[in-house]
Amino acid sequence: MKTVVVKISGALDNARAFIDDVELFFDGGVAQQNRPAGEHGLTWFVRGTPGTQYAIEITDPQEARFKHEGTIDASTKDAGLKWFTVGA
């Protein structure tokens with residue numbers, strides 16, 4: 001098991017993120033979840049004012065590092081999926 005650390009930033013109205021369909025609970029824009037070795041999926045859903053920029057990233061473990069930067073469009077929503085691997 002390794003601790004996966006996810007950070008989210010931006011002036012968002014609402015943001016939710018999940019690893020393998022288990023919701024992350026953010027404190028100060030940071031959430032952690034223990035995951036076993038193997039492939040996992042990070043999904044996110046955000047809402048905000050059009051033009052709002054945001055970022056979501058996996059900062060640990062090193063082999064899973066990822067960063068997505070997005071901008072909310074006229075729909076006021078954005079979402080994404082990232083497959084990542086946790087090593088043994």
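Trainee: Arg65, then. Is Arg65 buried or exposed?
Mentor: Arg65 is exposed, at 53% relative accessible area. The scale: buried is under 20%, exposed is over 50%, and partly exposed is in between, with a 1.4 Å probe and protein chains only. This is a predicted model, where local features need pLDDT of at least 70, side-chain atom pairs count only at pLDDT 80 or more, and totals for chains, interfaces and linings use all residues. Residues are numbered from 1 along each chain as its sequence is written, and side-chain values use heavy atoms, with hydrogens and water left out.

Trainee: Which side chain does Arg65 meet in a salt bridge?
Mentor: Asp60, at 4.0 Å from N to O. A salt bridge here is a side-chain nitrogen of Lys or Arg within 4 Å of a carboxyl oxygen of Asp or Glu. Asp60 is partly exposed, at 33%.

Trainee: How many salt bridges are there?
Mentor: Five. One of them joins Glu23 and Arg16, at 3.2 Å. Glu23 is partly exposed at 25%, and Arg16 is partly exposed at 38%.

Trainee: New topic: rings. How many aromatic pairs?
Mentor: Two. Rings of Phe, Tyr and Trp (its six-membered ring) pair if their centres lie within 6.5 Å; planes under 30 degrees apart are stacked, over 60 edge-to-face, the rest tilted.

Trainee: Why is the pair of Phe18 and Phe45 called edge-to-face?
Mentor: Their planes stand at 75°, so the pair is edge-to-face; the centres are 6.1 Å apart. Phe18 is in strand E2 (residues 14-19) and Phe45 in strand E5, so the pair ties together parts 27 residues apart in sequence. Strands are DSSP runs of E, at least two residues, numbered from the N terminus.

Trainee: And the other pair?
Mentor: Trp44 and Phe66 form a tilted pair, 6.0 Å centre to centre with 40° between the planes. Trp44 is in strand E5 and Phe66 in strand E7 (residues 66-71). Trp44 is buried at 2%. Phe66 is buried too, at 17%.

Trainee: What order do the sheet strands come in?
Mentor: E3-E2-E5-E8, an open sheet of four strands with antiparallel pairing. Two strands pair if DSSP finds at least two bridges between them.

Trainee: Which strands stand at the edges?
Mentor: E3 (22-23) and E8 (77-86). Each has a single partner strand, so one side of each lacks a neighbour in the sheet.

Trainee: How many bridges pair E5 and E8?
Mentor: 10, in the antiparallel sense. Arg47, for instance, has Lys77 in E8 as its bridge partner.
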